[in-house]
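Here are a few notes to read alongside the structure, written for someone new to such models. Please keep the picture open while going through them.

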Amino acid sequence: MTLIPQDLAGAVLTIDLMALKDNWRRLANEAGPARCGAAVKGNAYGLGIAPVARALWEAGCRDFFVARPMEGEELRHLLPEAAIFVLDGLFAGQAEFYAKFNLTPALISVEEAREWAGFGRVYGRKLPCAIHVDTGINRLGLAMAEFQSLLDEPFTMEGLNVTLLMSHLACADAPSHPLNARQREAFAEARQRLPSVPASLANSSGIFLGDGFTHDLVRPGIALYGGNPTPAAANPMTAVAHLEGAVMQVRQVKTGETVGYGATWEAKRASRIAVLGAGYKDGVPRHLSSRQDNGPAQVFLGGRRCPIVGRISMDMMAIDVTDLPPQAVARGTRAEILGRHVTIDEAALWAGTISYELLTRLGSRYARLYSEHESDASA
Ligand SMILES: *Cc1c(COP(=O)(O)O)cnc(C)c1O
């Protein structure tokens, strides 16, 4: 990726690595005595695998979860000693690739288990793997009956070095959803069939469902990056991604004039409008656009919230700064689009999406800064 200097970028994305480490420690503490791993798939939820993985390792994390084998390869070069689990399982015919980079596939079928065991026999060594059972999300993993038929194949089982038994929750962010207890019970049953193997069920929200869910290893993702794992309560995590757009121009708009494509927003009073250098190309969702009236979407500037007005366009967005003192907004002034004041959960809600999608879609046109000290990223 080309490095874009701050002064030549329309917007600056600062990743607060100190907050990331604090979040990991906070989750490790909450999950203890279970070990705390980290989901770093999707380029660490869009925040940059290299700095994120190094920071998590420094904080004490040793177990990492990626989605794709090639994400595992990249991570292996960064962290030679880490346990790296590939959540998408074993890609057909690719066992050698996993072995080469010491990647642990989370096996999702009897077929994958046979392939991994068979490869280990040729390779001359039982290679580590996780077994992923599906306890009710009906996405990836062995259904309970398939899990039993795998256990009934001694030749396959003898060829495997199973280092983790895992499953994934469908509704962990809704603590009272009945599926949580059903999945916990199904997972308990699976564990009884492989009692000596460490177990892992909880994602970020699962950690906050309590003791019955944390087992031996937890796999938080979004909470590490500042998303709220307890949506019904205050966010216990600290913001990690700070996105600031720089003001390119401030203009006066008369009552009755409109702003932006489609003339979707009309000034109800003489207004001052600031145009920021961040648009949908930069991952600012177009669904943050406002219509006739001010929508709910806001940015934070000069100590207060300012509404986004008109449509988000490819390279820019407009905000209403009429209520700010004139000297508070000038060419180059930065407004917080995401960060401590405008949280990723809040912005995602305005845009009709979730924090995960918001983070993973952040574009590549920012000046990206990685701060090691909390004060560097304070807005
Ligand atoms: C992405 C993922 C996680 C992390 O989930 P968060 O909700 O981001 O904490 C954990 N386990 C599996 C299987 C995943 O796919």
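1. The protein chain exposes about 16800 Å², of which carbon and sulfur atoms supply 51%; accessible areas come from the Shrake-Rupley method with a 1.4 Å probe, and for residues only the protein chains shown count as cover.

2. This is a predicted model, in which local features need pLDDT of at least 70 and side-chain atom pairs count only at pLDDT 80 or more, while totals for chains, interfaces and linings use all residues. Residues are numbered from 1 along each chain as its sequence is written, and side-chain values use heavy atoms, with hydrogens and water left out.

3. Of the 379 residues in the protein chain, 54% are buried, meaning under 20% relative accessible area with a 1.4 Å probe, protein chains only.

4. The protein chain has 13 helices and 19 strands, which are DSSP runs numbered from the N terminus (helices: H or I, at least four residues; strands: E, at least two).

5. Helix H3 (residues 49-59) packs with helix H4 (residues 69-78) at an angle of about 55 degrees, their axes being 10 Å apart; axes are lines fitted to C-alpha atoms, for helices over the stretch in contact, and angles run from 0 to 180 degrees between N-to-C directions. This makes H3 oblique to H4, the word for angles left over once those under 35 degrees (roughly parallel), over 145 (roughly antiparallel) and 65 to 115 (roughly perpendicular) are set aside.

6. On the H3 side, Ile49, Ala50, Ala53 and Arg54 make the contact, and on the H4 side Glu74, Leu75 and Leu78 do, where contact means heavy atoms within 4.5 Å.

Conventions. Buried means under 20% relative accessible area, exposed over 50%, partly exposed in between (1.4 Å probe, protein chains only).
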